Amino acid sequence: MDLAHPTAPPAHAADASATLRLTGSVLRPLTLSLDALRAYPAVTSAPFDLRCYTTQRFIRTIEPYRGVLLTELLGDAGLRCEAHGDFKRMVFVASGHDGYAVPFTWHELFNTPVGKQVIVAYECGGAPLAEEDGAPVLFSGADLVPAPRHVKRLARIDVRVLAP
Ligand SMILES: Nc1nc2c(c(=O)[nH]1)N[C@H]1C(S)=C(S)[C@@H](COP(=O)(O)O)O[C@H]1N2
Ligand SMILES: [Mo]
């Protein structure tokens, strides 16, 4: 063992992987545990049928989710706009622990009804979701086929400003 470089403390894998980070073009980068998500104002979704976009296969009916709006988390982190009007070119890349990633734009979240139904959920059908159940789950309730923007074990929201 190299005494000058002691081994890292044991990683609390379960804790670490259930945390969500807000990174990129934000004023205050956030690292949020499931409990931290529960401290924000909560919203509840309507139940819906999850379908795969690729196969059109019905997957299962999802009972109402409870969680926090993605716009609420972005408001807390604060969007960083270096140039006038940067927000109009802003995109949010939501990715799961496995790298599965889906985008949103500033416009659809803040300038269309879609944003009112994009939830980071920690509860389903009145029961808490554990990491093993896929928590936190991001889903976009206004999508016509919700499975693609239904990210299990959401790990990161990265805020980017597209180059002109
Ligand atoms: N993290 C993560 N979430 C994901 C996916 C994935 O590969 N990774 N696949 C998506 C797709 S394409 C579908 S169809 C559904 C499948 O949901 P299920 O695995 O719960 O049946 O999850 C969605 N969410
Ligand atoms: Mo899918």
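Strands are DSSP runs of E with at least two residues, helices are runs of H or I with at least four, and both are numbered from the N terminus. The model is predicted: local features need pLDDT of at least 70 and side-chain atom pairs 80 or more, while totals for chains, interfaces and linings use all residues. Residues count from 1 along each chain as written, chains are lettered from A and ligands numbered from 1 in written order, and side-chain values use heavy atoms, without hydrogens or water.

**View 1. Gln56 has a positive phi in a loop.**
Find strand β4 (48-51) and strand β5. Gln56 lies in the loop between them. Its phi is about 65°, yet Gln56 is not a glycine. Most residues other than glycine have a negative phi.

**View 2. Nine residues are named around ligand 1: Cys52, Ile59, Arg60, Asp98, Tyr100, Ala147, His150, Val151 and Lys152.**
Each has a heavy atom within 4 Å of the ligand. Start with Arg60: a polar atom of its side chain is 2.7 Å from a ligand oxygen. Turn to Asp98: there a polar side-chain atom is 2.7 Å from a nitrogen of ligand 1. His150 takes part through its backbone, with a polar atom 2.5 Å from a ligand nitrogen. On its own, ligand 1 exposes 530 Å², and the protein buries 73% of this area. These areas come from the Shrake-Rupley method with a 1.4 Å probe. Which elements give two or more residues to the shell? They are β5 (58-62) and β12 (150-151).

**View 3. Arg149 is buried in a loop.**
The relative accessible area of Arg149 is 14%, so the residue counts as buried. Now look for Ala94. Along the chain, Arg149 and Ala94 are 55 residues apart. In space, their C-alpha atoms are 9.0 Å apart.

**View 4. Ala135 and Pro136 are joined by a cis peptide bond.**
Omega at this bond is about -10°. Most peptide bonds are trans. Pro136 belongs to the loop between β10 (127-128) and β11.

**View 5. Arg153 is a residue other than glycine with a positive phi.**
Its phi is near 50°. Where is Arg153 found? Look in the loop between β12 and β13 (154-161). Arg153 counts as partly exposed because its relative accessibility is 21%.

**View 6. Strand β13 holds Asp158 and Val161.**
Take Asp158 to begin. It is buried, with a relative accessible area of 9%. Its side chain makes a polar contact of 3.2 Å with the side chain of Arg156. Such a contact is a pair of N or O atoms within 3.5 Å; within protein, one must be able to donate a hydrogen and the other to accept it, and neighbours in sequence count only if both atoms are side-chain atoms. Val161 is partly exposed, at 30% relative accessibility. How many residues separate Val161 and Arg89 in sequence? The count is 72, yet C-alpha to C-alpha they are 5.5 Å apart in space.

Conventions: Buried < 20%, exposed > 50% of the residue type's maximum accessible area, 1.4 Å probe, protein only.
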